[in-house]
Amino acid sequence: MESEIIRRLEAHQLRKTAFRKEVLELFIAAKGVALSNQDLEGQLENPDRITLYRTLKAFEDKGLIHLAVDSGGVSRYALCSSDCTAHAHHDQHAHFHCLECGKTICLEGEVVIRAKAPEGYEVARENLVLEGTCAKCGAA
Ligand SMILES: [Zn+2]
Ligand SMILES: [Zn+2]
Ligand SMILES: [Zn+2]
């Protein structure tokens with residue numbers, strides 16, 4: 001785990017502070033499940049909001065994590081695939097949001113959105129979220 005954390009931070013030119021290592025470890029341990037600020041704060045040794053905010057911003061800027069927003073407007077982050085860089089995210093995938101428990105995961109398979117924005121409009125982010133019940137909640 002430790003070596004994977006170091007490798008990822010170095011690959012994305014991020015300073016290896018103890019706090020960053022701790023946050024990244026949570027993302028790796030989440031295995032494709034997106035984490036909200038609240039999820040992270042609950043698991044961190046020393047959940048300083050400002051430091052966490054800056055860390056997430058730096059991780060997103062450098063292509064280490066990406067945003068997944070559900071229809072309720074809650075922002076969550078998930079670990080990027082290794083081909084994302086500081087200059088370009090390649091997360092052309094949808095997310096699944098469970099309406100019962102709030103669990104949000106990255107979905108495999110590329111998403112091609114054919115909707116065209118009108119002339120003069122600029123798309124900053126494609127954000128496709130499928131909603132429903134996860135396997136655990138659906139079985140209950
Ligand atoms: Zn990415
Ligand atoms: Zn669920
Ligand atoms: Zn994702």
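Modeller: Start with the zinc ion (ligand 3), whose site is tetrahedral, with angles of 104 to 117° among its 4 donor atoms. Keep in mind that this is a predicted model.

Colleague: Why is the site of the zinc ion (ligand 3) called tetrahedral?

Modeller: Four donors count as tetrahedral if all angles lie between 85 and 135 degrees. Here the angles are 104 to 117°. They fall inside the limits, so the label holds.

Colleague: What makes a residue a donor of the zinc ion (ligand 3)?

Modeller: An N, O or S atom within 2.8 Å of the metal. H66 (NE2), H93 (NE2), H95 (NE2) and C106 (SG) lie 2.0 to 2.3 Å from the zinc ion (ligand 3). That is within the cut-off, so they are donors. Along the chain they follow the spacing H-x26-H-x1-H-x10-C. H66 lies in strand β2 (residues 65-69) and H95 in strand β4 (residues 95-98), so this pair ties together parts that are 29 residues apart in sequence. Both H66 and H95 are buried.

Colleague: What coordinates the zinc ion (ligand 2)?

Modeller: C98 (SG), C101 (SG), C134 (SG) and C137 (SG), at 2.3 Å. Their spacing in sequence is C-x2-C-x32-C-x2-C.

Colleague: How do you know which geometry the site of the zinc ion (ligand 2) has?

Modeller: By the angles among its 4 donor atoms, which are 104 to 116°. The tetrahedral limits are 85 and 135 degrees, so this site is tetrahedral.

Colleague: Are C98 and C101 buried or partly exposed?

Modeller: Buried means under 20% relative accessible area. C98 has 1% relative accessibility, so C98 counts as buried. C101 is at 46%, so C101 counts as partly exposed. C137, at 22%, also counts as partly exposed.

Colleague: How many disulfides does the model have?

Modeller: The count comes to 0. A pair of cysteine sulfur atoms would have to lie within 2.5 Å.

Colleague: What makes β5 and β6 edge strands?

Modeller: They belong to an open sheet of 3 strands, in the order β5-β4-β6, with mixed pairing. β5 (104-106) and β6 (129-132) each have a single partner strand, so one side of each is left without a neighbour in the sheet. On average, neighbouring strands of this sheet are turned by 20° against each other, direction ignored.

Colleague: How do you know that β4 and β6 pair?

Modeller: Pairing takes at least two bridges. β4 and β6 are joined by 4 bridges and run parallel, so they pair. H97 stands opposite E131 in β6.

Colleague: In what order do the strands of the antiparallel sheet come?

Modeller: The order is β1-β3-β2, in an open sheet of 3 strands. β1 (35-36) and β2 stand at the edges with a single partner strand each, so one side of each has no neighbour in the sheet.

Colleague: How many bridges join β1 to β3, and how many join β2 to β3?

Modeller: β1 is joined to strand β3 (residues 75-79) by 2 bridges. S36 has R76 in β3 as its bridge partner. Between β2 and β3 there are 5 bridges, running antiparallel. There A68 stands opposite R76 in β3. The hairpin of β2 and β3 has 5 residues between the strands, and G73 takes a positive phi near 85°.

Colleague: Why is β2 called largely enclosed?

Modeller: 5 of the 5 residues of β2 are buried, so the rest of the structure largely encloses this strand. I65, L67 and V69 point one way, H66 and A68 the other, and all are buried. Helix α2 (residues 18-29) lies across β1, β2 and β3, at about 80° to β3.

Colleague: What makes R8 buried?

Modeller: R8 has 15% relative accessibility, and the limit is under 20%, so R8 counts as buried. R8 is found in helix α1 (residues 2-11). Leaving aside neighbours within four places in sequence, R8 is in contact with L24, I28, L64, L79 and C80.

Colleague: Is L44 buried or exposed?

Modeller: At 7% relative accessibility, L44 counts as buried. L44 is found in the loop between α3 (37-43) and α4 (49-61). Not counting residues up to four places away in sequence, L44 touches F19, E22, V23, L26 and L52.

Notes
Residues are numbered from 1 along each chain as its sequence is written. Chains are lettered from A and ligands numbered from 1 in the order in which they are written. This is a predicted model: local features need pLDDT of at least 70, side-chain atom pairs count only at pLDDT 80 or more; totals for chains, interfaces and linings use all residues. Side-chain values use heavy atoms; hydrogens and water are left out. Donors are N, O and S atoms within 2.8 Å of the metal (3.2 Å for Na, K and Ca); water is not among the atoms, so sites may look incomplete. Four donors count as tetrahedral if all angles lie between 85 and 135 degrees; four count as square planar and six as octahedral if opposite donors are over 155 degrees apart and all others between 65 and 115; anything else is irregular. Buried means under 20% relative accessible area, exposed over 50%, partly exposed in between (1.4 Å probe, protein chains only). Axes are lines fitted to C-alpha atoms, for helices over the stretch in contact, and angles run from 0 to 180 degrees between N-to-C directions. Contact means heavy atoms within 4.5 Å.
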